[in-house]
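I opened a notebook for this structure. These are the things I looked up.

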Amino acid sequence: MTYINKPTLHHPTLQKNKVGYTRRDYEGRISTLCAGCGHDSISAAIVQACWEMDVVPHRVAKLSGIGCSSKTPDYFLGASHGFNTVHGRMPSVLTGANLANRDLLYLGVSGDGDSASIGLGQFANAMRRNVRMAYIVENNGVYGLTKGQFSATADRGSKSKKGVVNNDSPVDLVGLALQLGATYVARSFSGDKDQLVPLIKGAIGHGGAAFIDVISPCVTFNNHGGSTKSYDYVRQHNEAVSRIDFMPMHEEITTQYAPGELVEVQQHDGSYLRLRKLHEDYDPTNRYTALSYINEHQERGEVVTGLLYLDPLATDLHEALNTCPQPLNSLRESQLCPGEAALEKINAGLR
C-alpha cells in the first residue's frame, strides 16, 4: 500500500554519488501498480537518472495529474517536493510554480488520458510557452483506472482486450510537441532502460521545454495481441534513430568515431548529448525533418524512438518574460514596491 514506507536502513557498502546519496535515497514508497506495469520501469529510470546526475532531491519539484501514471511520483524521489493536481491541470500548476521559483528542477509526470484528452489544451500551452521542465508522458493507450477503455493515443485499428476495434484517429503528442515549439522531443519504451535513462538525463539538463513520450504497456488491459502498445508489438516494431549518451559538464568529453557517425550537442548548462546516429540521413536538429520522418515511419506501423529533436539554443519562459534572475518567491517588499517615484516613471512610459 502507498502508506507503507520502504525500510530506511541502508547497507553501509551501498555506493554513494558525488552529493552523498545512495540510489535508495532517490526511491519513494512501495508501488501499488500491477506487477509488470511499464510505469514502474519508468520510475526506476527516473531514480537511476537522478542518482547518476548527482541531483539533490530537495531541488526537484515533481507534479502530476490523475491516472495510473500520476500515482507514480509517490514511488520515486521521496525527499523531493511533490504536488498531485486535478485531472489534466498539471502543466498550468507547474508553470506557476516555475515562475515563482526558477531555482528548482521541474519534473512533470502525466499519462495519455491526462495529457491527450482533458489536459490537451494545458499540454499545448506549456509546450508553446517553453516552460522549462522535463515533461514525461507514460503512454499506455488505455484508461487503466476505469477498466481499459481506449485513450486518445490509441492507434486506429488497434483492439481492446475484449476485441473492440478503435475507429478514432490517435493524438500524437510527439508530433504536437514538435509543432508547438518544444525544444527537446523524444520517444522511448519503458522496456528499454538503456535508451530511457540517458533521455531523462538530457531532459533534466535541458534549458527549455523537454518532452518525452514513453510507451508503457498496461499489463492488465493493453498487453495482448491486437494492441499497438504491448511489449511484443513495440519490441517488434521499434525503429530507433539514435543511441544517446549524456555527459555532465564536469566530465571529460572524448570521442572516437568516423565522420558522420556521431554528433555531440552542448546544452545550456555545459552538459553534452552524444548521439550515435543509426540512420545517416536523420538530422535531430531539424524540427521539420523530424516530424516528416516520424509520420513516414508511422505509416509503416513502426514506432520511432530516441532523441527526435533538440534545439541546443533553447530559451525558456523566464527569458521570454524577462524576469529577474532571483526567484520571485524570494523578493522582499522593498523590491516589489520600489516607491512612488518609480511607479510614476512606469506610468509615464505608458501614456
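How do the residues of the lining of the second largest pocket divide into nonpolar, polar and charged? I find eight nonpolar, five polar and six charged. Here Ala, Val, Leu, Ile, Met, Phe, Trp, Tyr, Cys and Pro count as nonpolar, Asp, Glu, Lys and Arg as charged, and the others, Gly among them, as polar.

I note that this is a predicted model, where local features need pLDDT of at least 70, side-chain atom pairs count only at pLDDT 80 or more, and totals for chains, interfaces and linings use all residues. Residues are numbered from 1 along each chain as its sequence is written, and side-chain values use heavy atoms, with hydrogens and water left out.

I looked up the volume of the second largest pocket, which is about 310 Å³. A pocket is an open set of points on a 1 Å grid where a 1.4 Å probe fits, with protein on both sides within 12 Å along at least five of seven lines; lining residues have an atom within 4 Å of a point. The volume is the space filled by probe spheres set on the points, which are joined across faces, edges and corners. Of the 19 lining residues, Asp155, Arg187, Lys229, Gln298 and Val303 are the closest to the centre.

Strand E13 (303–310) gives two or more residues to this lining; strands are DSSP runs of at least two residues, numbered from the N terminus.

Definitions and conventions: Helix = DSSP H or I, 4+ residues; strand = E, 2+ residues; numbered from the N terminus.
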